[in-house]
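Please have a look at the sequence and the fold first, and then read on.

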Amino acid sequence: MLETDLARRVVGLVCGVDEAGRGPWAGPVSAGAVILSADDIPEGIDDSKALTAARRDGLAVEIKARAIAWGVGLASPEEIEDLNILQATGLAMRRAIEAMSVPPKAALVDGNYRFKLPCEVETAVGGDGLSLSIAAASILAKTARDQIMIEMDAEYPGYGFASHKGYNAPIHQAALKAMGPCAIHRRSWAPIRALLGT
């Protein structure tokens with residue numbers, strides 16, 4: 001595993017880090033951070049996008065119960081607007097690592113951007129398919145964000161958040177045109193501005 005090599009080099013624990021929700025038009029961006037136990041890895045961990053919602057939910061419970069440490073961090077729609085999505089993603093990742101019960105010596109981050117995190121950082125393009133700890137982090141990030149969007153569907157009915165989780169979808173476009181944006185929309189995003197004619 002990539003994290004095993006990195007752990008040997010830094011002489012310490014390594015967490016995998018991944019995000020969910022950079023692309024949607026609404027809701028927070030979330031990040032997960034996970035230090036897996038080499039002796040107790042839940043079976044079936046994979047990139048969250050390759051799993052069904054039910055499998056992700058089940059694995060999230062197992063990961064939280066069996067990992068050495070885990071954390072989830074969020075950056076709000078307001079923080080996304082204030083910082084930009086890249087910097088807000090880094091903020092969510094920092095919060096995920098800071099939420100862990102055991103601090104890692106290094107983080108293995110999916111992608112090629114070296115975020116400033118509270119530990120050493122190594123990046124891995126396509127990491128959620130190469131590293132079990134990154135894949136585990138992607139599962140925690142995705143399940144946490146999906147749950148928030150389901151709750152937002154009840155708070156802001158009519159947009160269909162429970163089904164599309166804030167991403168582009170016909171029902172979402174139609175609701176935006178009919179009702180305008182709600183409090184969790186990323187109003188500065190070009191597709192929303194274009195739909196609203198602003």
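What percentage of the 198 residues in the chain do buried residues make up? The answer is 49%, with buried meaning under 20% relative accessible area. Please keep in mind that this is a predicted model. Here is how the chain is put together, topic by topic.

**Overall make-up**

- The chain holds eight helices and five strands, and from the N terminus on they follow the order α-β-β-α-β-α-α-β-β-α-α-α-α.
- With a radius of gyration of 17 Å, close to the 16 Å that the globule rule gives for 198 residues, the chain is as compact as a globular protein of that length.
- The C-alpha trace spans about 55 × 30 × 25 Å along its principal axes.
- Of the contacts with a separation of 6 or more, 62% are between residues 24 or more positions apart.
- The accessible surface of the chain is about 9000 Å², and carbon and sulfur atoms contribute 54% of that surface.

**The sheet**

- An open sheet is built from five strands in the order E3-E2-E1-E4-E5, with mixed pairing.
- Its edges are strand E3 (69–75) and strand E5 (120–124), each of which pairs on one side only.
- On average, neighbouring strands of this sheet are turned by 25 degrees against each other, direction ignored.
- Strand E1 (residues 14–20) and strand E2 (residues 29–35) run antiparallel and are joined by five bridges; here Ala20 stands opposite Ser30 in E2.

**Helices on the sheet**

- Helix H1 (residues 2–10) packs on the sheet and touches E1, strand E4 (106–110) and E5. The direction of H1 makes about 150 degrees with that of E4.
- Helix H5 (residues 132–155) lies across E1, E2, E3, E4 and E5, and H5 runs at about 40 degrees to E1.

**A look at helix H7**

- Which residues of helix H7 (residues 170–179) are buried? They are His172, Ala175 and Leu176.
- Seen down the axis of H7, these buried residues fall within an arc of 100 degrees, so they line one face of the helix.
- The packing partners of the buried residues of H7 are helix H6 (161–164) and helix H8 (190–196).
- Turned away from the buried side of H7 is a face that carries the exposed residues Pro170, Lys177 and Ala178.

How values were computed. Residues are numbered from 1 along each chain as its sequence is written. This is a predicted model: local features need pLDDT of at least 70, side-chain atom pairs count only at pLDDT 80 or more; totals for chains, interfaces and linings use all residues. Side-chain values use heavy atoms; hydrogens and water are left out. Two strands pair if DSSP finds at least two bridges between them. Helices (H or I, at least four residues) and strands (E, at least two) are DSSP runs, numbered from the N terminus. Axes are lines fitted to C-alpha atoms, for helices over the stretch in contact, and angles run from 0 to 180 degrees between N-to-C directions. Contact means heavy atoms within 4.5 Å. Buried means under 20% relative accessible area, exposed over 50%, partly exposed in between (1.4 Å probe, protein chains only). The arc is that of the directions from the helix axis to the C-beta atoms. The radius of gyration is taken over C-alpha atoms; the globule rule is 2.2 Å times the number of residues to the power 0.38. Accessible areas come from the Shrake-Rupley method with a 1.4 Å probe; for residues, only the protein chains shown count as cover.
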